[in-house]
Amino acid sequence: MGITRAGVFRCRCIQPARLFLRLNSSVSGASKRIKVDGVEYNTDPTFTNVTKSIISHTNKGLHLNDQHPVGILRDLIERKLNSVDNVFMPYNNFKPVVTTWENFDSLGFPANHPGRSKSDTYYINQDHLLRTHTSAHEVQCFQDLQTSKHKGFLISADVYRRDEIDRTHYPVFHQMEGARLWEHGDLDSLKRDLEVMEKALKENQTHTKLLCVSDAPAIDPEENPKQSYMTAPEVELTVAHLKRSLELTVSEVFNRKIESLREMKVANVPTELKYRWVKAYFPWTAPSYEIEVWWQGEWLEICGCGVIKQDVLNKAGFKLDSTMGWAFGLGLDRIAMILFEIPDIRLLWTADERFHRQFKRQTITAFKPYSKHPGSIRDVAFWLPEGTIGQEEEIHENDIMEIVRDTAGSLVESVKLIDSFVDPKTNKKSLCYRINYQSMERNITNLEVNDLQKEVVGRLIDKYHVTIR
Ligand code: DAH
């Protein structure tokens, strides 16, 4: 735990696949330096796992486009939270390469945290990576707050994680981070700000009421303890302000969706919005929570949050014990997919005008699919090289995903492990992956798919020395 898909989720290729292949060659090997956003970095053969196709996403800025579902959502949340008392400084232009210190150490991630592994994270070299979450900028933004009239900040940015391939996962997605500070012990300001927030929340529920079906106590001494430098009333008020702020966010976003469903005369539109608070763990907050919303028959994780650890504030240069506050991190893409009824996450990255012309600033509208192009399935079954089972060299599922993604780009809809076994006689392990090639924009030919599949198989053999069955 500690890094969720807040948690989270998460191309556009009308070019012929062949050309795409050439553009997507992996970065390691021949080229010793990589350029990202105009800055050159040394590569490191034991760390570098970022590919050109991933780097090509670093200047897309979907969250900056206020006529794109991700940008519309970012804009709605930013406006709502700042409409209350206008204390948040927005940061929407941070570049995605950060140091391992910023992404992990500054936030107290232990050395052995799985989030640091090369199978989960895109490394440029040993010291630089593509941020895996917007929390990587917290310390920097807290530093800025010391000399600013603002009392908090809202960051939005693209974040990068190596992951599986399916309709809801993409290696690049977007998060929004928020934080707000008070002087330690200034209960009067905290109480005043809480009243203002409670009023804003009440006023926002004109059409649909929020209904809390289970709450997490502010402090659970055993499992979600407070930090010793804060008193119980300080924590309770800070947490109340945090919870009301996120409830306001949920209320704003889902009420707008519900209103738009009503306008479209959709049947069975919910009349109330159920949500719950659950305790959580993040290395840089204590206590910590998550808020989940009941939507179309399931609990949807919206956001992780908590009371900022004193150590993070100290790293940003605040005097010991001088400051207290909260932080949250919310995944934008998955919520955008639900609000705008987008069935495949690749659509968020399309350049197709039939997608883009459907969306308007500050408006939630349901996406109308323009066509469905047939998919084409190919399986690849192979034996892993002997002696690698259970060892560090054993091929990781995300490595397979990366090869397919780097070869086929946006022409791959999903990759699934459909069979895995160890032959008891030879002790050799076999894996079988099913790849569905499908484009959001056009029909792809069998010839093209065969070429892509051949390339995937070739790269599996070259890089991981597998034996095709
Ligand atoms: N960075 C976390 C993630 O990627 C989300 C998060 C949780 C951000 C708690 C926060 C926080 O600022 O306080 O899942």
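Q: Hi! How much area do domain 1 and domain 2 bury between them?
A: Hello! In this predicted model, the two domains bury about 1,500 Å² between them, with 46% of that on carbon and sulfur atoms.

Q: How many residues are in contact on each side?
A: There are 17 residues of domain 1 in contact with 17 residues of domain 2.

Q: OK, what about charges: how many salt bridges are there across that interface?
A: Three salt bridges are found across the interface of domain 1 and domain 2. As for polar contacts, 14 residue pairs make them across this interface.

Q: Which side chain does Arg167 meet in a salt bridge?
A: Arg167 pairs with the side chain of Glu413, at 2.4 Å from N to O.

Q: Switching topic: is helix α9 mostly covered or mostly open?
A: Mostly covered. Helix α9 spans residues 332-339, and eight of its eight residues are buried. Among them are Asp333 and Arg334, along with Leu332 and Met337.

Q: What covers those buried residues?
A: The cover includes helices α3 (69-85) and α7 (232-263), plus strands β7 (172-183), β10 (285-295), β11 (298-308) and β12 (323-331).

Q: What follows α9?
A: Glu341 follows α9, and its phi is positive, near 55°.

Q: Which other residues have a positive phi without being glycine?
A: Gln296 is one of them, with phi near 45°. Gln296 sits in the loop between β10 and β11. His465 is another, at about 55°, and His465 is in the loop between α12 (446-464) and β16 (467-468).

Q: Are those two buried or exposed?
A: Exposed, because the cut-off is over 50% relative accessible area: Gln296 has 71% and His465 has 55%.

Q: Last one: why point these phi values out?
A: Because most residues other than glycine have a negative phi. Most peptide bonds are also trans.

Q: Where is there a cis peptide bond, then?
A: From Ala286 to Pro287, with omega near -10°. Pro287 lies in strand β10, and β10 is one of the elements covering the buried residues of α9.

Key:
Residues numbered from 1 in each chain as written. Predicted model: local features only at pLDDT ≥ 70, side-chain atom pairs only at ≥ 80, totals over all residues. Heavy atoms only, no water. Contact = heavy atoms within 4.5 Å. Buried area = accessible area lost by both parts, 1.4 Å probe. Salt bridge = Lys/Arg side-chain N within 4 Å of Asp/Glu carboxyl O. Polar contact = N/O pair within 3.5 Å; in protein donor to acceptor, adjacent residues only side chain to side chain. Buried < 20%, exposed > 50% of the residue type's maximum accessible area, 1.4 Å probe, protein only. Helix = DSSP H or I, 4+ residues; strand = E, 2+ residues; numbered from the N terminus.
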